[in-house]
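Welcome! Here is a friendly briefing to read alongside the sequence and the structure.

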Amino acid sequence: ELLAYYFKEHSSMFFKLYMGTDGTKDDATNILHEFWSQGEDLDDPGLHDHPMKQNPSWKTTYIPMALHGDAVPVIKVGKAGTKSFDVTSISPLMAVGQTKIIKQLVCALFEKSKYFKLLQENAKRQNQQVIHDHDTTMWHIWRVIMWSLHYAFLGIWPYTDHTGRVYDPKSPEGQKAGHDLANGFCLVVFALKGDLDHLTKAWGLRSYGSQFPCQWCPCGRKQVAPLMRFNYFGSDAEWKDKFYSVSEWRNVYTSFFYIFEMQFITHHNIEPDELHVMHLGTSMYMLGSVLSMLVTMILEDTIETNMEHVWDMISDYYTHNSMITQYTNIDLNMFQSDGAKKMPKLSGKGAEIKDLVPAVLHVWKELSDHTLFEHQLVESMLQAQCALQDILAEYKDSMRLPADACSNLVQYTDIVLVCY
């Protein structure tokens, strides 16, 4: 209904919101054609055997959408009895503008409001949710969502309601049934966004803490051969050439969350959350470890004095390089771990951490011993991290990364992981 409403009542807003253009319908269809053509040129596996390609004009009519899920604490945050709010939203992949404008709420409810039945406890004594049970809260909610997405994909007003009941031909719904929603334009979910917790807890996919933690290949932990282990990143790592086909991926699971009942939505459409996976994930540990080395191993004064010296150098770098997002201060408590077995982990916001990487690289170059192999590794790691962030920043407004940028991104990511 939103698709039809925008197209009929606010056509200029429709083209801007869904296709990122202030121009005409011809401009919008050209943008769509470019997006899908680039996907074909790059051999995007998400396009292989896609049913929308049965439509001769699919490149100019299907609008790619991203479905995003996340649960965040909203009541008693950081205290006992905290309550999380689970939100699902949808947004056009080519939309340009503020998040509050381009994202459309699909559903939202408190985690405690969900009713579900439980399977037997697993090996870690964690109860797992039964996904397909008609008595559960999410079954009723996603029954409506899937019905809506189905007819948005077809681009027509529905013949039935979400229960499958056919509309009376004389009813307002029945009179519209089968007519175009937006003059031939259709919506297709092409990206699933969420952090790793959401992929597991809400959508029932593999957990990053499980024996087989990856959605895209069969890498594992100690029970697999060394070259297949998830934390081995050498050039001869075997998991790099074991990318799941669609059939292999579907055989991994005994059942799927509702969105994957659309057969064209698979692991190819899962888009890891850059913010949580990198900036609030690997980079937090990376920078925490480097800062820890600087104040405890490289500088020779007390760690408090060393930290002041490092912070002065970071502040000086901020001043001379006009970094967009800056820490106001960094002290030992922000990255030093409480226990000996815990890795140092820098706290902060995603944007602060992202823009701190080049500053820490600068400090490391000034203070480290370039003759030591371990110090050379750290410098190579930070340089590669800066390079891959620069690629993402350079093409942040592009519909897709060019092939050479993709290749470079993989190369720099390999360097970061091998050095780390």
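**A first look: the aromatic residues**

Phe 35 and Phe 190 are both buried. They belong to a predicted model, in which 26 aromatic pairs are found. With ring centres 6.4 Å apart and planes at 75°, Phe 35 and Phe 190 make an edge-to-face pair.

**More on the rings**

- Phe 35 sits in helix H3 (residues 25-41) and Phe 190 in strand S4 (residues 186-194), so their pairing ties together parts that are 155 residues apart in sequence.
- Another edge-to-face pair is that of Phe 7 and Phe 14, with ring centres 5.2 Å apart and planes at 85°.
- Phe 14 counts as buried, because its relative accessibility is 0%.
- Phe 7 and Phe 14 are also part of a cluster linked by ring pairs, together with Tyr 5, Tyr 6, Phe 15, Tyr 18 and Phe 185.

**How confident is the prediction?**

- The protein chain has a mean pLDDT of 90, and 95% of its residues reach 70 or more.
- Among the elements of the chain, helix H12 (residues 350-367) has the highest mean pLDDT, at 97, while helix H5 (residues 99-102) has the lowest, at 86.
- Residues 120-127 call for some care: their pLDDT is below 50, and this stretch has 7 contacts in the model beyond near neighbours in sequence.

**Salt bridges**

- The structure holds 8 salt bridges.
- One of them joins Lys 114 to Glu 111, whose closest N and O atoms are 3.2 Å apart.
- Within this pair, Lys 114 is buried at 14% relative accessibility, whereas Glu 111 is partly exposed at 30%.
- Asp 355 and Lys 354 meet through their side chains in a salt bridge of 3.3 Å, N to O.
- Here Asp 355 counts as buried at 9% relative accessibility, and Lys 354 is partly exposed, with a relative accessible area of 30%.
- Salt bridges that share partners join Asp 86, Glu 111 and Lys 114 into one network.
- The side chains of Asp 161 and Arg 165 form a salt bridge as well, at 3.2 Å from N to O, and Asp 161 is buried with a relative accessible area of 11%.

**Cysteines**

- How many disulfides does a search of the whole structure find? The search finds 0.
- Cys 219 is in no disulfide, and its nearest cysteine sulfur, that of Cys 217, is 3.7 Å away.
- Cys 219 is buried, with a relative accessible area of 5%.
- Cys 107 is likewise counted as buried, at 11% relative accessibility.

**A closer look at one proline**

- Where is Pro 158 found? Its place is the loop between helix H6 (137-154) and helix H7 (172-176).
- Pro 158 is buried or exposed, which one? With a relative accessibility of 12%, Pro 158 counts as buried.
- Leaving aside residues up to four places away in sequence, Pro 158 touches Trp 147, Tyr 151, Tyr 167, Glu 173 and Ala 177.
- From Pro 158 to Ser 255 there are 97 residues in sequence and 27 Å in space, C-alpha to C-alpha.

Conventions:
Residues numbered from 1 in each chain as written. Predicted model: local features only at pLDDT ≥ 70, side-chain atom pairs only at ≥ 80, totals over all residues. Heavy atoms only, no water. Helix = DSSP H or I, 4+ residues; strand = E, 2+ residues; numbered from the N terminus. Buried < 20%, exposed > 50% of the residue type's maximum accessible area, 1.4 Å probe, protein only. Contact = heavy atoms within 4.5 Å. pLDDT = per-residue confidence, 0-100. Phe/Tyr/Trp six-rings, centres within 6.5 Å; stacked < 30°, edge-to-face > 60°. Disulfide = S-S within 2.5 Å. Salt bridge = Lys/Arg side-chain N within 4 Å of Asp/Glu carboxyl O.
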